[in-house]
Amino acid sequence: MKIHIVLSSMVLFGMLSSCSLYDEGYVKFDRTTFDRERTAWQALGLSDYKMRMAFSSDAVGPSGIVTVYTVKNNVCESVEPESPYYEQEEPLTIDELYNNILSSVNYFAKELDAGGNMSGVAMDVKYNSQYHYPEEIRCSIYYRKDICGGGGYSMKLTGFEISN
């Protein structure tokens with residue numbers, strides 16, 4: 001009986017691992033939650049804050065790029081990279097981060113419609129429960145054929161502080 005259970009488990013595992021989690025051309029993104037959280041963020045009217053963003057990808061590695069952004073009156077006034085070996089990042093606000101997420105999803109959807117090597121995208125966003133900003137973003141990009149540099153990135157926002 002134990003052998004039967006072990007063999008059945010091995011067959012099931014083999015079948016599951018050979019199946020794609022997503023259908024061809026799939027974009028996984030929770031637009032309803034995105035819109036709700038974005039509206040809640042905007043309703044707070046926060047315009048002065050500081051945040052620390054860690055970006056990592058298959059191309060830059062797990063230690064990634066860490067940058068501190070200072071925002072005043074909804075304009076990024078300073079960008080301070082903490083990571084050595086990387087150029088200064090572009091200015092960024094929470095509103096721009098929301099725009100970037102949506103732009104990325106739309107871009108990937110167009111790429112999928114065009115055919116090519118991309119076969120699917122999963123954009124997973126976790127939001128801060130108090131202030132409703134995107135706290136963690138994980139984008140997984142699936143390809144029909146392997147590519148150099150991989151297909152995914154993640155961003156984690158920490159150290160969010162409201163300024164007076």
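Helices H2 (residues 31-44) and H3 (residues 94-113) have axes that come within 11 Å and cross at roughly 165°; helices here are DSSP runs of H or I with at least four residues, strands are E runs of at least two, and both are numbered from the N terminus. The axes are lines fitted to C-alpha atoms over the stretch in contact, with angles from 0 to 180 degrees between N-to-C directions. That crossing makes H2 roughly antiparallel to H3 (angles over 145 degrees). On the H2 side, the contact (heavy atoms within 4.5 Å) is made by Arg31, Phe34, Glu37, Arg38, Trp41 and Gln42, and on the H3 side by Ile94, Asp95, Tyr98, Asn99, Ile101 and Leu102.

This is a predicted model, where local features need pLDDT of at least 70, side-chain atom pairs count only at pLDDT 80 or more, and totals for chains, interfaces and linings use all residues. Residues are numbered from 1 along each chain as its sequence is written, and side-chain values use heavy atoms, leaving out hydrogens and water.

On the aromatic side, there are 10 pairs, meaning rings of Phe, Tyr or Trp (its six-membered ring) with centres within 6.5 Å; planes under 30 degrees apart are stacked, over 60 edge-to-face and the rest tilted. Tyr131 and Phe160 make a tilted pair, 5.4 Å centre to centre with 45° between the planes. Tyr131 sits in the loop between strands E5 (118-127) and E6 (134-143) and Phe160 in strand E7 (residues 152-162), so the pair ties together parts 29 residues apart in sequence. Phe160 is buried at 15% relative accessible area (the cut-off is under 20%, with exposed over 50%, partly exposed in between, and a 1.4 Å probe on protein chains only), while Tyr131, at 21%, counts as partly exposed.

Methods
Parallel < 35°, antiparallel > 145°, perpendicular 65-115°, else oblique.
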